Amino acid sequence: MRQFPAFFNLEGARIVVFGDGEEAARKLRLLVSSPAELVLVGGFAETALAAEFEGHVTVVGRSARETALEGARLAIVAEADEMHRTAALAAVRARGIPVNVVDFPEDCDFTVPSILDRGEIVAAIGSGGAAPVLAKAVRAKLEALLPGRIGELAALARRLRPFVAEAVPDKSARRRYWERALTGPAAEAAYAGDLEKAEALLKSAALATGRAAGVVHIVGAGPGDPELLTLKALRVLQEADVVYYDRLVSPEILGLIRRDAARVPVGKSKGDHSVPQPEIHHRLVASAREGLRVVRLKGGDPFIFGRGGEELEAVRAEGVAAHVVPGISSALGCAASAGIPLTHRDHAQTLTFVTGHAKVGGVPDLDWAALARPAQTVVVFMGVDTAAVIAARLIAAGRDGRTPIAVIENGTRPDEVRVYGELSELPFLIAEEGIAGPALLIIGEVAGIPLTGIHIGHFLPPEFAGPARAGALAFEE
């Protein structure tokens, strides 16, 4: 975002426009309905333009520019003549007043956007001067979408704010009241022109609103790409009062959280459990009991090696309402990003998800004989640290050492890394390429498809054999 959008309060403000032609008139037309005092330095040569703004704009000569700028909040320079433009800009700069110079974006402190005005509801669409025509096109689309009387509804809401604040003293409950009230029957009445009915509905709804019960949403954020977030997850993030998020949630997804929501990191990393799981349970319940809408945001899907089930049980055991919003598992997202079909009619009729995390003795507690069977894909979560053990146990149980494997780090993200090879060289590939995680291990014939095409044999072809090829098969997108 190269420019920060902001709305200036024009009550009691003075705005000075420099110019004498149509460009100055266009800017004044945008401002004439505002409560600001408007001063034109220059004056219109055309009688029609002078008559258009008579009684609405104070006109002074260029010799009075210094006096006109006293107490000004904004200035717009729309001078066609270079000498007049330079003099006006120098006078404005000397006073430190924010200025827009028409057709000279390099001299502008601010740009004038394409404006949609519905009274209390104002939308401004800007392109930073790059493409004003596109900004106008966006405005036209918004005008078609917004009800014509939406400004009247907003004005009614402004007038009722003190009443609602007294009727619904709890801030969180009051926010939820407005979210419901301004999209329900009261809004429809206002759009139909019945403001009296709309006011009655808004007041009765406020009087009926008590302290809302809190709720916990356990939400899957997907593998990292914000476009893979579900619509429901996005809605819940936009409604949340507080979000407890994991380390694996990408910054882009955190940026979708409502700006005024509290964000609390509770993620764990290898050897660092700064917030123990029981403490996370306690925080979720405590926040919900304060009447807050709570989101527990977890990478991937919360019910696949994400401890979401434990959190759901803990919250519901305390009598707090809890709901789950599934996410795209990292297994699905990473495999799709790499073009690896986890199942394939010719090569994998079974798909198994396992965790490589080892609790005791550094060896994952898995059914190695079952995982070593052919014609299946094994996807290992959290398996980077135990990759050597996993490879050795699978080979010992009968899985061929030449079975294709893929290691995908930061899958679906801009810094995604993919490494391909064979099962026997799995730990070597991870060390050679500096894979630290989060990473996913995919073991099975399907892992060779991105290298060999869909018509592969049971193993990788001979030209891809041997540890020496690790560097050639590793690449970063």
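How many salt bridges does a search of the whole structure find? The search finds 33 salt bridges, a salt bridge being a side-chain nitrogen of Lys or Arg within 4 Å of a carboxyl oxygen of Asp or Glu. This is a predicted model, in which local features need pLDDT of at least 70 and side-chain atom pairs count only at pLDDT 80 or more, while totals for chains, interfaces and linings use all residues. Residues are numbered from 1 along each chain as its sequence is written, and side-chain values use heavy atoms, with hydrogens and water left out.

**View A. Helix H12 against helix H13.** Helix H12 spans residues 277-289 and helix H13 residues 308-317; helices (H or I, at least four residues) and strands (E, at least two) are DSSP runs numbered from the N terminus. Their axes come within 9 Å and cross at roughly 50 degrees. Axes are lines fitted to C-alpha atoms, for helices over the stretch in contact, and angles run from 0 to 180 degrees between N-to-C directions. H12 and H13 are therefore oblique to each other (angles under 35 degrees count as roughly parallel, over 145 as roughly antiparallel, 65 to 115 as roughly perpendicular and the rest as oblique). On the H12 side, the contact is made by Gln277, Ile280, His281, Leu284 and Val285, and on the H13 side by Glu310, Glu311, Ala314 and Val315. Contact means heavy atoms within 4.5 Å.

**View B. Glutamate 66 and arginine 95.** The side chains of these two residues form a salt bridge, with an N to O distance of 3.8 Å. Glutamate 66 belongs to helix H3 (residues 65-68) and arginine 95 to helix H4 (residues 82-95), so the pair ties together parts 29 residues apart in sequence. Glutamate 66 is partly exposed at 41% relative accessibility, where buried means under 20% relative accessible area, exposed over 50% and partly exposed in between (1.4 Å probe, protein chains only). Arginine 95, with a relative accessible area of 38%, is partly exposed.

**View C. Aspartate 246 and arginine 296.** A salt bridge joins these side chains at 2.8 Å, N to O. Aspartate 246 sits in the loop between strand E9 (242-245) and helix H11 (251-254), and arginine 296 in strand E11 (residues 293-298); the pair links distant parts of the chain, 50 residues apart. Both aspartate 246 and arginine 296 are buried.

**View D. Aspartate 400 and arginine 402.** The side chains meet in a salt bridge of 3.4 Å, N to O. Aspartate 400 has 28% relative accessibility and counts as partly exposed. Arginine 402, at 44%, counts as partly exposed.

**View E. A network of salt bridges.** The linked residues are Arg175, Arg176, Glu179, Asp241, Arg258, Asp260 and Arg293.

**View F. Aspartate 109 in its loop.** Aspartate 109 is found between strand E5 (99-101) and strand E6 (114-118), and is partly exposed at 45% relative accessibility. Leaving aside neighbours within four places in sequence, aspartate 109 is in contact with Arg93, Ile97, Pro98 and Val99. Valine 99 is 10 residues away in sequence and 5.4 Å away in space, C-alpha to C-alpha.

View G. Glutamate 318 is partly exposed, at 43% relative accessibility. Not counting residues up to four places away in sequence, glutamate 318 touches Val285 and Arg289.
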